[in-house]
Amino acid sequence: MKRNLFVGAVRPYDLRRPRVKAGYALMTVFCVFAVLLSVMPVVWVLLSGFKELKEFNRGVKGADNRYHLQLLPAAFTLEGYLDTWNQMKYVRYYLNSLAVVAGSVVCAVLANGLFAYGLSRLKPRGWKVAYALVMGTLMVPATTAIVPLFINITRLGLGGSYVPLWLSMGASAFYVVLFKNFYDVMPDSLLEAARLDGCDDWRLFFRIILPLSMPINMVIMIYAVNAAWSDFLLPYLVLGGTRLETVMVRLFTYRTSDRVNNMDIIRAIVFSIIPPIVLFIAFQRQITQNVISAGIKG
(Lines give C-alpha, C1' and ligand atoms only; values in the text may rest on other atoms or scores of the structure.)
Protein backbone atom coordinates (compact mmCIF):
# COMPACT_ATOMS: atom_id res chain seq x y z
CA MET A 1 0.00 0.00 0.00
CA LYS A 2 1.43 3.34 -1.05
CA ARG A 3 1.83 5.75 1.83
CA ASN A 4 0.53 9.27 1.33
CA LEU A 5 3.27 11.76 2.13
CA PHE A 6 0.86 14.70 2.26
CA VAL A 7 -0.77 14.38 5.66
CA GLY A 8 -0.97 18.05 6.56
CA ALA A 9 -3.32 20.84 5.58
CA VAL A 10 -2.14 20.83 1.94
CA ARG A 11 -3.40 17.88 -0.11
CA PRO A 12 -2.12 16.70 -3.50
CA TYR A 13 -5.16 18.06 -5.34
CA ASP A 14 -4.61 21.47 -3.69
CA LEU A 15 -1.19 21.72 -5.30
CA ARG A 16 -2.83 21.76 -8.72
CA ARG A 17 -3.91 25.33 -8.06
CA PRO A 18 -1.19 27.86 -9.01
CA ARG A 19 -1.71 30.03 -5.92
CA VAL A 20 -1.44 27.09 -3.55
CA LYS A 21 1.64 25.79 -5.35
CA ALA A 22 3.32 29.22 -5.16
CA GLY A 23 2.44 29.59 -1.49
CA TYR A 24 3.75 26.10 -0.79
CA ALA A 25 7.02 26.91 -2.56
CA LEU A 26 7.44 30.15 -0.60
CA MET A 27 6.70 28.34 2.65
CA THR A 28 9.32 25.70 1.81
CA VAL A 29 11.94 28.33 1.02
CA PHE A 30 11.16 30.17 4.25
CA CYS A 31 11.44 26.97 6.31
CA VAL A 32 14.77 26.07 4.70
CA PHE A 33 16.06 29.58 5.37
CA ALA A 34 14.92 29.40 9.01
CA VAL A 35 16.65 26.04 9.48
CA LEU A 36 19.91 27.33 8.00
CA LEU A 37 19.70 30.46 10.13
CA SER A 38 19.31 28.32 13.25
CA VAL A 39 21.94 25.72 12.41
CA MET A 40 24.72 27.94 11.04
CA PRO A 41 25.90 29.35 14.42
CA VAL A 42 26.28 25.82 15.79
CA VAL A 43 28.09 24.66 12.64
CA TRP A 44 30.38 27.70 12.70
CA VAL A 45 31.36 27.12 16.34
CA LEU A 46 31.94 23.40 15.74
CA LEU A 47 34.12 23.95 12.66
CA SER A 48 36.02 26.83 14.25
CA GLY A 49 37.10 24.54 17.06
CA PHE A 50 39.27 22.59 14.61
CA LYS A 51 41.26 25.68 13.64
CA GLU A 52 44.48 26.98 15.10
CA LEU A 53 44.58 30.40 16.69
CA LYS A 54 46.42 32.01 13.76
CA GLU A 55 44.06 30.44 11.25
CA PHE A 56 41.05 31.64 13.22
CA ASN A 57 42.32 35.22 13.49
CA ARG A 58 43.98 35.68 10.09
CA GLY A 59 42.63 32.93 7.86
CA VAL A 60 44.43 30.73 5.34
CA LYS A 61 47.10 32.07 3.02
CA GLY A 62 46.03 31.80 -0.60
CA ALA A 63 47.83 31.71 -3.93
CA ASP A 64 47.89 35.51 -4.02
CA ASN A 65 49.91 35.57 -0.77
CA ARG A 66 46.94 37.10 1.04
CA TYR A 67 45.07 35.65 4.00
CA HIS A 68 41.42 34.71 3.49
CA LEU A 69 38.89 33.72 6.15
CA GLN A 70 36.97 30.55 5.37
CA LEU A 71 34.39 28.37 7.06
CA LEU A 72 36.15 25.04 6.75
CA PRO A 73 39.40 24.51 8.68
CA ALA A 74 42.63 23.69 6.90
CA ALA A 75 42.83 20.34 8.73
CA PHE A 76 40.41 18.36 10.89
CA THR A 77 42.43 17.42 13.97
CA LEU A 78 41.11 16.66 17.46
CA GLU A 79 44.26 17.80 19.23
CA GLY A 80 42.82 21.20 20.16
CA TYR A 81 39.58 19.67 21.47
CA LEU A 82 41.50 17.13 23.56
CA ASP A 83 43.69 19.85 25.08
CA THR A 84 40.65 21.93 26.04
CA TRP A 85 38.88 18.86 27.45
CA ASN A 86 41.86 18.03 29.66
CA GLN A 87 42.30 21.63 30.81
CA MET A 88 38.68 22.05 31.87
CA LYS A 89 38.27 18.54 33.33
CA TYR A 90 34.84 18.38 31.79
CA VAL A 91 33.91 14.93 33.13
CA ARG A 92 33.41 16.23 36.66
CA TYR A 93 31.40 19.26 35.53
CA TYR A 94 29.28 17.10 33.23
CA LEU A 95 28.37 14.93 36.21
CA ASN A 96 27.61 18.03 38.29
CA SER A 97 25.30 19.41 35.60
CA LEU A 98 23.61 16.04 35.16
CA ALA A 99 22.90 15.93 38.90
CA VAL A 100 21.35 19.40 38.71
CA VAL A 101 19.30 18.44 35.64
CA ALA A 102 18.05 15.17 37.14
CA GLY A 103 16.91 16.76 40.38
CA SER A 104 15.39 19.72 38.55
CA VAL A 105 13.35 17.46 36.27
CA VAL A 106 11.98 15.44 39.20
CA CYS A 107 11.03 18.56 41.16
CA ALA A 108 9.59 20.29 38.08
CA VAL A 109 7.26 17.38 37.32
CA LEU A 110 6.26 16.28 40.82
CA ALA A 111 6.08 19.58 42.73
CA ASN A 112 4.39 21.61 40.02
CA GLY A 113 2.23 18.66 39.01
CA LEU A 114 0.96 18.14 42.56
CA PHE A 115 0.20 21.82 42.98
CA ALA A 116 -1.65 21.94 39.65
CA TYR A 117 -3.51 18.75 40.61
CA GLY A 118 -4.79 20.46 43.75
CA LEU A 119 -5.87 23.54 41.80
CA SER A 120 -7.51 21.58 39.00
CA ARG A 121 -9.12 18.61 40.74
CA LEU A 122 -9.13 18.96 44.51
CA LYS A 123 -9.96 22.68 44.55
CA PRO A 124 -9.64 23.35 48.30
CA ARG A 125 -10.97 26.50 49.91
CA GLY A 126 -9.12 29.54 48.57
CA TRP A 127 -7.78 27.81 45.47
CA LYS A 128 -8.84 30.72 43.28
CA VAL A 129 -6.72 33.09 45.37
CA ALA A 130 -3.76 30.72 45.13
CA TYR A 131 -4.16 30.45 41.36
CA ALA A 132 -4.44 34.23 41.05
CA LEU A 133 -1.17 34.60 42.96
CA VAL A 134 0.45 32.06 40.64
CA MET A 135 -0.73 33.99 37.59
CA GLY A 136 0.45 37.23 39.17
CA THR A 137 4.01 35.92 39.56
CA LEU A 138 4.18 35.53 35.79
CA MET A 139 4.15 39.33 35.57
CA VAL A 140 7.23 39.65 37.81
CA PRO A 141 10.66 39.33 36.10
CA ALA A 142 12.61 36.40 37.47
CA THR A 143 15.78 38.45 37.99
CA THR A 144 14.04 40.67 40.55
CA ALA A 145 13.69 37.67 42.86
CA ILE A 146 17.38 36.71 42.77
CA VAL A 147 18.42 38.92 45.70
CA PRO A 148 15.73 37.80 48.21
CA LEU A 149 16.09 34.22 46.98
CA PHE A 150 19.84 34.22 47.57
CA ILE A 151 19.39 35.80 51.01
CA ASN A 152 16.94 33.08 52.02
CA ILE A 153 19.26 30.37 50.67
CA THR A 154 22.12 31.77 52.73
CA ARG A 155 20.04 32.04 55.92
CA LEU A 156 18.86 28.45 55.54
CA GLY A 157 22.42 27.25 55.09
CA LEU A 158 21.74 25.71 51.68
CA GLY A 159 24.66 27.37 49.92
CA GLY A 160 27.10 25.02 48.21
CA SER A 161 24.46 22.35 47.48
CA TYR A 162 22.11 21.39 44.66
CA VAL A 163 18.97 21.63 46.81
CA PRO A 164 18.19 25.33 46.06
CA LEU A 165 18.51 24.68 42.33
CA TRP A 166 16.12 21.74 42.53
CA LEU A 167 13.58 23.58 44.65
CA SER A 168 13.62 26.67 42.43
CA MET A 169 12.74 24.49 39.45
CA GLY A 170 9.90 22.94 41.44
CA ALA A 171 8.28 26.34 42.02
CA SER A 172 7.57 27.54 38.49
CA ALA A 173 4.30 29.35 37.81
CA PHE A 174 4.63 28.63 34.09
CA TYR A 175 4.81 24.87 34.69
CA VAL A 176 1.83 25.03 37.06
CA VAL A 177 -0.30 26.74 34.42
CA LEU A 178 0.67 24.14 31.80
CA PHE A 179 -0.16 21.28 34.14
CA LYS A 180 -3.47 22.78 35.25
CA ASN A 181 -4.65 23.38 31.68
CA PHE A 182 -3.87 19.76 30.85
CA TYR A 183 -5.57 18.34 33.97
CA ASP A 184 -8.71 20.45 33.38
CA VAL A 185 -9.59 18.55 30.19
CA MET A 186 -9.15 15.07 31.62
CA PRO A 187 -12.43 13.11 31.63
CA ASP A 188 -14.17 13.17 35.00
CA SER A 189 -15.59 9.69 34.46
CA LEU A 190 -12.10 8.19 34.49
CA LEU A 191 -11.20 9.83 37.79
CA GLU A 192 -14.56 8.93 39.35
CA ALA A 193 -14.07 5.29 38.35
CA ALA A 194 -10.68 5.31 40.06
CA ARG A 195 -12.21 6.73 43.22
CA LEU A 196 -14.88 4.00 43.19
CA ASP A 197 -12.06 1.45 43.05
CA GLY A 198 -10.66 2.86 46.29
CA CYS A 199 -8.04 5.33 45.10
CA ASP A 200 -7.41 8.21 47.46
CA ASP A 201 -6.03 11.57 46.30
CA TRP A 202 -2.39 10.49 46.44
CA ARG A 203 -2.85 7.21 44.59
CA LEU A 204 -5.14 8.92 42.10
CA PHE A 205 -2.35 11.31 41.18
CA PHE A 206 0.55 8.85 41.04
CA ARG A 207 -1.31 5.88 39.50
CA ILE A 208 -3.83 7.53 37.20
CA ILE A 209 -3.11 11.19 36.43
CA LEU A 210 0.68 11.09 36.28
CA PRO A 211 0.91 8.12 33.84
CA LEU A 212 -1.83 9.61 31.64
CA SER A 213 -0.04 12.95 31.57
CA MET A 214 3.08 11.77 29.74
CA PRO A 215 2.63 14.31 26.88
CA ILE A 216 2.64 17.30 29.21
CA ASN A 217 5.24 15.63 31.43
CA MET A 218 7.55 15.37 28.44
CA VAL A 219 6.98 19.03 27.59
CA ILE A 220 7.85 20.06 31.16
CA MET A 221 10.92 17.82 31.07
CA ILE A 222 12.13 19.51 27.89
CA TYR A 223 11.77 22.95 29.45
CA ALA A 224 13.36 21.81 32.73
CA VAL A 225 16.36 20.16 31.08
CA ASN A 226 17.03 23.20 28.92
CA ALA A 227 16.59 25.64 31.81
CA ALA A 228 18.66 23.64 34.31
CA TRP A 229 21.52 22.97 31.89
CA SER A 230 21.80 26.53 30.58
CA ASP A 231 21.15 28.37 33.86
CA PHE A 232 24.12 30.39 35.06
CA LEU A 233 23.26 33.12 37.58
CA LEU A 234 21.75 31.09 40.42
CA PRO A 235 24.25 28.19 40.11
CA TYR A 236 27.07 30.75 40.07
CA LEU A 237 25.79 32.37 43.28
CA VAL A 238 25.10 29.08 45.04
CA LEU A 239 27.88 26.82 43.75
CA GLY A 240 30.61 29.30 42.86
CA GLY A 241 33.99 28.35 44.32
CA THR A 242 32.97 24.77 45.15
CA ARG A 243 33.61 21.42 43.50
CA LEU A 244 29.93 21.26 42.54
CA GLU A 245 30.09 23.90 39.79
CA THR A 246 28.04 23.21 36.67
CA VAL A 247 29.27 23.36 33.09
CA MET A 248 28.03 26.91 32.58
CA VAL A 249 29.69 28.17 35.77
CA ARG A 250 32.92 26.43 34.83
CA LEU A 251 32.74 27.96 31.36
CA PHE A 252 32.57 31.44 32.90
CA THR A 253 35.48 30.86 35.26
CA TYR A 254 37.48 29.23 32.47
CA ARG A 255 36.95 32.27 30.25
CA THR A 256 38.51 34.59 32.84
CA SER A 257 41.71 32.54 33.08
CA ASP A 258 44.91 34.19 31.86
CA ARG A 259 46.09 31.11 29.96
CA VAL A 260 42.98 30.87 27.80
CA ASN A 261 42.70 32.17 24.22
CA ASN A 262 39.75 32.53 21.89
CA MET A 263 40.08 29.01 20.51
CA ASP A 264 39.94 27.46 23.97
CA ILE A 265 36.74 29.35 24.70
CA ILE A 266 35.16 28.26 21.41
CA ARG A 267 36.01 24.62 22.06
CA ALA A 268 34.65 24.91 25.59
CA ILE A 269 31.39 26.28 24.16
CA VAL A 270 31.18 23.26 21.86
CA PHE A 271 31.49 20.90 24.84
CA SER A 272 28.77 22.82 26.67
CA ILE A 273 26.21 22.53 23.85
CA ILE A 274 26.86 18.91 22.86
CA PRO A 275 24.71 17.17 25.56
CA PRO A 276 21.45 19.05 24.78
CA ILE A 277 21.95 18.45 21.06
CA VAL A 278 22.61 14.73 21.55
CA LEU A 279 19.61 14.47 23.87
CA PHE A 280 17.32 16.10 21.33
CA ILE A 281 18.59 13.94 18.45
CA ALA A 282 18.16 10.75 20.49
CA PHE A 283 14.60 11.54 21.60
CA GLN A 284 13.48 13.72 18.70
CA ARG A 285 10.54 11.52 17.69
CA GLN A 286 9.24 11.10 21.24
CA ILE A 287 9.64 14.81 21.97
CA THR A 288 7.77 15.85 18.82
CA GLN A 289 4.92 13.38 19.32
CA ASN A 290 4.41 14.31 22.96
CA VAL A 291 4.52 18.04 22.27
CA ILE A 292 1.86 17.64 19.57
CA SER A 293 -0.29 15.48 21.86
CA ALA A 294 -0.01 18.02 24.67
CA GLY A 295 -1.05 20.80 22.33
CA ILE A 296 -4.11 18.86 21.14
CA LYS A 297 -5.29 17.72 24.60
CA GLY A 298 -4.40 20.95 26.38
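A: Buried means under 20% relative accessible area, exposed over 50%, and partly exposed in between, with a 1.4 Å probe and protein chains only. This is a predicted model, in which local features need pLDDT of at least 70 and side-chain atom pairs count only at pLDDT 80 or more, while totals for chains, interfaces and linings use all residues. Residues are numbered from 1 along each chain as its sequence is written, and side-chain values use heavy atoms, with hydrogens and water left out.

Rings of Phe, Tyr and Trp (its six-membered ring) pair if their centres lie within 6.5 Å; planes under 30 degrees apart count as stacked, over 60 as edge-to-face and the rest as tilted. Across the whole structure, a search finds 20 aromatic pairs. One of them joins Phe50 and Phe76 edge-to-face, at 5.3 Å centre to centre and 65° between the planes. Phe50 lies in the loop between α1 (18-48) and α2 (53-58), and Phe76 in the loop between β2 (67-68) and α3 (79-88), so the pair ties together parts 26 residues apart in sequence. Helices (H or I, at least four residues) and strands (E, at least two) are DSSP runs, numbered from the N terminus. Phe50 counts as buried at 16% relative accessibility, whereas Phe76 is exposed, with a relative accessible area of 53%.

The rings of Tyr81 and Phe271 are also edge-to-face, because their centres are 5.7 Å apart and their planes at 75°. Tyr81 belongs to helix α3 and Phe271 to helix α14 (residues 262-282), so this pair ties together parts 190 residues apart in sequence. Both Tyr81 and Phe271 are buried.
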